[in-house]
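Q: Please go through the terms used to describe this model, setting each value against its cut-off before drawing a conclusion.

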Amino acid sequence: MKILRSFLLAPIFALAFSTVAQAAIQTQVVEYKQGNTVLEGYLAYDDEIQGRRPGVMVVHEWMGIDSYVQQRAQQLAKLGYVAFASDIYGKGVRPKNPEEAAAQAKIYRSNRQLMRDRALAGLQVLQKNSLTDAQRIAAIGYCFGGGTVLELARSGANVAGVVSFHGNLDTPNPSDAKNIKGKVLVLHGAEDPLVPPEQVLGFAEEMGNAGVDWQLIAYGGAVHSFTNPKAGNDKSQGTAYNQLADRRSWQDMRQFFAEIFGVR
């Protein structure tokens, strides 16, 4: 009977242990402002880590803050960072389909100063967080967010580095690259039709002219949105998930962080 009871109780103890382990990652919605616009970001951190630690701001894809960017913030928290998914669009502005997403993204791609201001507002939230080492902050972004963090860097923001995952590389202000203070890592799908070779070459010239410490890694067989499983698997559409490129790009980001933060 004692043996049977032990077997019956084992799953309960396992579940309890799992719940305790997972409870270390804390998340919360954070309301903040850029000018008169109310924004709503998403914070994630490991409450078992003591003291300040590097912070990573995450900028969403064109669909805005959703479960995907929240998952990425949680992944970063599990690595020991304070992660803050910033909101570029504004509280309650959450596109429901690609048409709405394209319309929202166009607002900011057509007004790079507004894009920079929204990104900077999120960065300031992360910098002021009591858990963040304000001298060790990076920003990463996906698709629309990748282009956004590059604009943040071009604005002269105080970040140690930025990482663009399948983001747009173009800018109307290439001379602003001289303002970049940190290092730049671009993780690019080699077959991405939305970021064609001429845009990549233009970006390389921009970075080179400004003397930026930059890297670009291109993943063979990958197109746009290669890190997001929701992108499907039909490369002919120009967007598709690529599991290998997703895994490799995450590891490349981690290596970049090890370099700029001095941690593993």
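A: Helices (H or I, at least four residues) and strands (E, at least two) are DSSP runs, numbered from the N terminus. This is a predicted model, in which local features need pLDDT of at least 70 and side-chain atom pairs count only at pLDDT 80 or more, whereas totals for chains, interfaces and linings use all residues. Residues are numbered from 1 along each chain as its sequence is written, and side-chain values use heavy atoms, with hydrogens and water left out.

Q: Where is asparagine 129 placed, and why does asparagine 129 count as buried?
A: Asparagine 129 sits in the loop between helix 4 and strand 5 (132-142). Buried means under 20% relative accessible area, exposed over 50%, and partly exposed in between (1.4 Å probe, protein chains only); the relative accessibility of asparagine 129 is 18%, and therefore this residue counts as buried. Leaving aside neighbours within four places in sequence, asparagine 129 is in contact (heavy atoms within 4.5 Å) with Leu43, Arg52 and Val82.

Q: What does the side chain of asparagine 129 reach?
A: The side chain of asparagine 129 reaches the backbone nitrogen of leucine 131 at 2.8 Å. A polar contact is a pair of N or O atoms within 3.5 Å, where within protein one must be able to donate a hydrogen and the other to accept it, and residues adjacent in sequence count only if both atoms are side-chain atoms.

Q: How do you know what span helix 3 should have?
A: The expected span of a helix is 1.5 Å times one less than its number of residues; for the 12 residues of helix 3 (residues 98-109) this gives 16 Å, and the end C-alpha atoms are 16 Å apart, so the two agree. The 17 residues of helix 4 should likewise span 24 Å, and the end C-alpha atoms of helix 4 are 24 Å apart, which agrees.

Q: Which residues of helix 3 are buried, and what covers them?
A: Ala101, Gln104, Ala105 and Tyr108 are buried in helix 3. They cover an arc (that of the directions from the helix axis to the C-beta atoms) of only 95° around the axis, which puts them on the same side of helix 3. Glu99 and Lys106, on the other side of helix 3, are exposed. The cover over the buried residues includes helix 4 (112-128) and helix 5 (144-154).

Q: What caps the N-terminal end of helix 7?
A: Asparagine 242 does, with a side-chain oxygen 3.2 Å from the backbone nitrogen of leucine 244. Among the buried residues of helix 7 are Trp250, Phe256 and Phe257; the buried residues of helix 7 pack against strand 3 (53-59), helix 2 (67-78), strand 5, strand 6 (161-165), strand 7 (183-189) and strand 8 (214-219).

Q: Why does histidine 166 count as buried, and what is its phi?
A: Histidine 166, found in the loop between strand 6 and strand 7, has 1% relative accessibility and so counts as buried. Its phi is near 40°, a positive value in a residue other than glycine.

Q: How many helices and strands are in the chain, and what radius of gyration does the globule rule give?
A: The chain has seven helices and eight strands. Its radius of gyration, taken over C-alpha atoms, is 20 Å, close to the 18 Å given for 264 residues by the globule rule (2.2 Å times the number of residues to the power 0.38), so the chain is as compact as a globular protein of that length. Buried residues make up 48% of the 264 residues.
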